[in-house]
Amino acid sequence: MLGTPHLAWRRKAVWIGILGTLSVISGLLLSTGGAGTERSFLEKKRAGSPRLISVQPLPEMDGPMCQWAPASASLSLAALLQPQEPAASAAGAAPDEATRLAASQRKPERVIRDAYMSYSSVAVDVKNNEVVLTDENLFNIVVFDRTANTPPTASMTEPKRIIGGDKTKIEFQCGLYIDPASGDIYAVNNDTVDTLVIFSRQAKGDVPPDRELATPHGTFGIAVDEEAQELFLTVQHNHAMVVYHKMAAKEQSPIRLLQGEHTQLADPHGIAFDPKNKLLFITNHGSFFQNRRGYPPRSSGGGERSDEPNWPLDAPVPGSGKLLPPSITVHSSTAQGDTPPLRVLQGPKTQLNWPTGIAFDPKRNELFVANDMGDSILVFSATASGDAAPVRVLKGPRTMISNPTGVFVDTKNDELWVSNFGNHSATVYKPTAAGDTPPLRVIRSAPLGKEALNIGNPGALAYDSRRDEILTPN
């Protein structure tokens, strides 16, 4: 779910490194090219041109990643930087239409693909005793009986209903909310479809949403204030939160925007709401850059629409990027603009490591955090701040927790639900569970022990010839 921007930065870093190396080589040639050359170099240096201070080799990670081409190689860097023409056939002409068609229909030698559902978020419909899960791998919303339990010998549990297909506009979903009165399903698309889709409880199959709302690109988490009839969405890529009327539809604009460096939102993901104290809790992975207006207005749809009221600034300011420790920021539900958080939970004692889903338990006044890269559920006091340790941690092989990205507290049935993106499962515990405690029940979409490939959204592909490995960012 976090891949393609990082790939572009790595490419830029590689070219900068190559060009910097060429600059060093040219400087050495100038400095050793005879008295006349040396005088010219010194004159330029006196004139105030940049000077080479030191040379530091780039660090290697367990050996070189690529084989270096010899200096005598026929393909030069200059040639690589030139625009490339389409490849011609042996006769010198471009392939004809029949050849192109045949190439497009060529079957792959093999396919790397996870054939099973991978659950990214979870919510319980307590009124109808059902649990709803988003499947970010095969693009579905699936509904089970709340008490369903996959036996160890079974390969999977069949859902009661599945919503999926092109008409549904479901892709890369990672946020989920169930209307407590109607049972309507609100599902957040994070990447390729900039739309919040809402389905009735009766929806199944390849059906259009009952309602849809165009959203900024990269929305992730969702929370709702039922009393105020307001809907909150985190915006991952632009470090923002937008607020809509709960019943907003089509291209209605947000009514508030929280964005800016003072907010301390940094790659925000999950969001939870405390209805009594009107507080929002937001998990942040920690990558940050300042934003500015950078895209032309769009006439319709979501994504980048810089002409819309309360629409997030949508383009990074070059050179402003930084990596911060992961955090949980706490905000008033009415906060807007570049308003600082009321408090921040951050530091090594917190054990936060890609905190993703988050849930608030009003009975115990606690926060439950799906700690993705820690394979754990962290539980904090809802009043915690600073570098506070969790009050308990649920983690270990018997818990079956693997890359958790969603979490839900069912206060009616006193249960804690976790969606595990790493092993095709949703697991259920008592909210007070800690340590390496086995789940009360498990819903699996794959055979027991079948690890997920964790291919979230691959944006590129590379082959490491040294290690005979295929690399793909997600």
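Which residues make a nonpolar surface patch of about 560 Å²?

**Solution.** The model is predicted, so local features need pLDDT of at least 70 and side-chain atom pairs count only at pLDDT 80 or more, while totals for chains, interfaces and linings use all residues. Residues are numbered from 1 along each chain as its sequence is written, and side-chain values use heavy atoms, with hydrogens and water left out.

Step 1. A patch is made of residues with over 30% relative accessible area and no salt bridge, where like charges are joined within 9 Å and nonpolar side chains (Val, Leu, Ile, Met, Phe, Trp, Tyr) within 5 Å. Accessible areas come from the Shrake-Rupley method with a 1.4 Å probe, and for residues only the protein chains shown count as cover.

Step 2. The patch is formed by Ile112, Leu453, Leu461, Tyr463 and Ile470.

Step 3. Leucine 453 sits in the loop between strand S28 (441–444) and strand S29 (462–464); strands (E, at least two residues) are DSSP runs, numbered from the N terminus. With 42% relative accessibility, leucine 453 counts as partly exposed. On this scale, buried means under 20% relative accessible area, exposed over 50%, and partly exposed in between (1.4 Å probe, protein chains only).

**Exercise 1.** Determine where glutamate 415 lies and whether it is buried or exposed.

**Solution.** Step 1. Glutamate 415 belongs to strand S26 (residues 415–420).

Step 1. Glutamate 415 counts as buried because its relative accessibility is 6%.

Step 2. Beyond its neighbours within four places in sequence, glutamate 415 has contacts (heavy atoms within 4.5 Å) with residues including Arg146, Phe408, Tyr429 and Arg441.

**Exercise 2.** Identify which residues touch the most other members of the largest nonpolar core.

**Solution.** Step 1. A nonpolar core is a set of buried Ala, Val, Leu, Ile, Met, Phe, Trp, Tyr and Cys residues joined through side-chain atoms within 4.5 Å.

Step 1. The largest core has 17 residues, of which Tyr186, Leu196, Ile222, Leu231, Leu233, Val242 and Tyr244 touch the most other members.

Step 2. Two or more residues of this core come from each of strand S6 (185–189), strand S7 (195–199), strand S9 (219–225), strand S10 (230–235) and strand S11 (240–245).

Step 3. Another core, apart from this one, has 16 residues, among them Ala272 and Phe380.

**Exercise 3.** Explain why the rings of phenylalanine 232 and phenylalanine 273 count as a stacked pair.

**Solution.** Step 1. Rings of Phe, Tyr and Trp (its six-membered ring) pair if their centres lie within 6.5 Å; planes under 30 degrees apart count as stacked, over 60 as edge-to-face and the rest as tilted.

Step 1. The structure contains four aromatic pairs. In this one the ring centres of phenylalanine 232 and phenylalanine 273 are 6.1 Å apart and the planes lie at 25°, so the pair is stacked.

Step 2. Phenylalanine 232 is in strand S10 and phenylalanine 273 in strand S13 (residues 268–274), 41 residues apart. Both phenylalanine 232 and phenylalanine 273 are buried.

**Exercise 4.** State how far apart N and O are in the salt bridge of aspartate 179 and lysine 246, and which parts of the chain the pair ties together.

**Solution.** Step 1. A salt bridge is a side-chain nitrogen of Lys or Arg within 4 Å of a carboxyl oxygen of Asp or Glu; the whole structure has 19.

Step 1. For aspartate 179 and lysine 246, the N to O distance is 2.5 Å.

Step 2. Aspartate 179 lies in the loop between strand S5 (173–178) and S6, and lysine 246 in the loop between S11 and strand S12 (256–259), so the pair ties together parts 67 residues apart in sequence.

Step 3. Both aspartate 179 and lysine 246 are buried.

Definitions and conventions:
Helices (H or I, at least four residues) and strands (E, at least two) are DSSP runs, numbered from the N terminus.
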